[in-house]
Amino acid sequence: MSEPVHYTQIDSPLGRLLLTADDSGALTSLSVPGQRGGRALQPEWRCAPSLFRAAEEQLGAYFAGELKEFRLEVRGSGTAFRERVWDALDDVPYGATTTYGDIAARIGASRAAVRAVGGAIGANPLLVVRPCHRVIGADGSLTGYAGGLDRKLWLLGLEGAVSPPLG
């Protein structure tokens, strides 16, 4: 029998977020509506808002511009390569951007591995908390984001990494 999945949903400037956690309360995913590869609520999951109080408070502070680094227990599940890429994402500071090539270099992967790095970043189950939105193309373009480029631009604008869109 598999470990139960606990969840909650919270409203945010990005839409209604779906958060999941394991029995220990470690955050296992954060998905936005319409996210490519995001999790979808399942009937057997257990609604447990109390497990997510710290996450909800920290996300609220982040979206208000008052928090620059999350201090949450997270538990990803991916290959060793993906885990290395995700660990490198955690080192990209608030308000900064990096490139796929830089992430590849940080983990000791070759330039030829940039596409694989992009795949690992695209499979990040913890949007916002693990800052894959801070990764841009080598030419400065926003490139892909599983949560949508509009959300990526909004997050980078919140952090001051790009000028916010007009209007």
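**View 1. Tyr62, Phe63, Phe70, Tyr94 and Trp154 form one aromatic cluster.** The model is predicted; local features need pLDDT of at least 70 and side-chain atom pairs count only at pLDDT 80 or more, while totals for chains, interfaces and linings use all residues. Residues are numbered from 1 along each chain as its sequence is written, and side-chain values use heavy atoms, with hydrogens and water left out. A pair of aromatic rings is described by the distance of the centres and the angle of the planes. Rings of Phe, Tyr and Trp (its six-membered ring) pair if their centres lie within 6.5 Å; planes under 30 degrees apart count as stacked, over 60 as edge-to-face and the rest as tilted. The count by this rule is 5 aromatic pairs. Tyr62 and Phe63 make an edge-to-face pair, 5.4 Å centre to centre with 65 degrees between the planes.

**View 2. The rings of Phe63 and Trp154 form a tilted pair, with centres 6.0 Å apart and planes at 55 degrees.** Phe63 belongs to helix α1 (residues 53-63) and Trp154 to helix α5 (residues 149-158), so the pair ties together parts 91 residues apart in sequence. Helices (H or I, at least four residues) and strands (E, at least two) are DSSP runs, numbered from the N terminus. Phe63 is buried at 12% relative accessibility, whereas Trp154 is partly exposed at 32%. Buried means under 20% relative accessible area, exposed over 50%, and partly exposed in between (1.4 Å probe, protein chains only).

**View 3. His133 lies in the loop between α4 (114-122) and β6 (135-136).** His133 has 0% relative accessibility and therefore counts as buried. Leaving aside neighbours within four places in sequence, the contacts of His133 (heavy atoms within 4.5 Å) include Tyr62, Tyr145, Lys152 and Glu159. Tyr62 is likewise buried, at 0% relative accessibility.

**View 4. Strand β2 (residues 17-21) is largely enclosed by the rest of the structure, because 5 of its 5 residues are buried.** Leu17, Leu19 and Ala21 point one way from β2, and Leu18 and Thr20 the other way. Two strands pair if DSSP finds at least two bridges between them. Strand β1 (residues 6-10) runs antiparallel to β2 and is joined to it by 5 bridges, with Tyr7 opposite Thr20. The β1-β2 hairpin has 6 residues between its strands, and Gly15 in the turn has a positive phi of about 110 degrees.

**View 5. β2 also pairs with strand β3 (residues 27-31), in the antiparallel sense over 4 bridges.** Ala21 has Leu27 in β3 as its bridge partner. This hairpin of β2 and β3 has 5 residues between the strands, and Gly25 in the turn has a positive phi of about 95 degrees.
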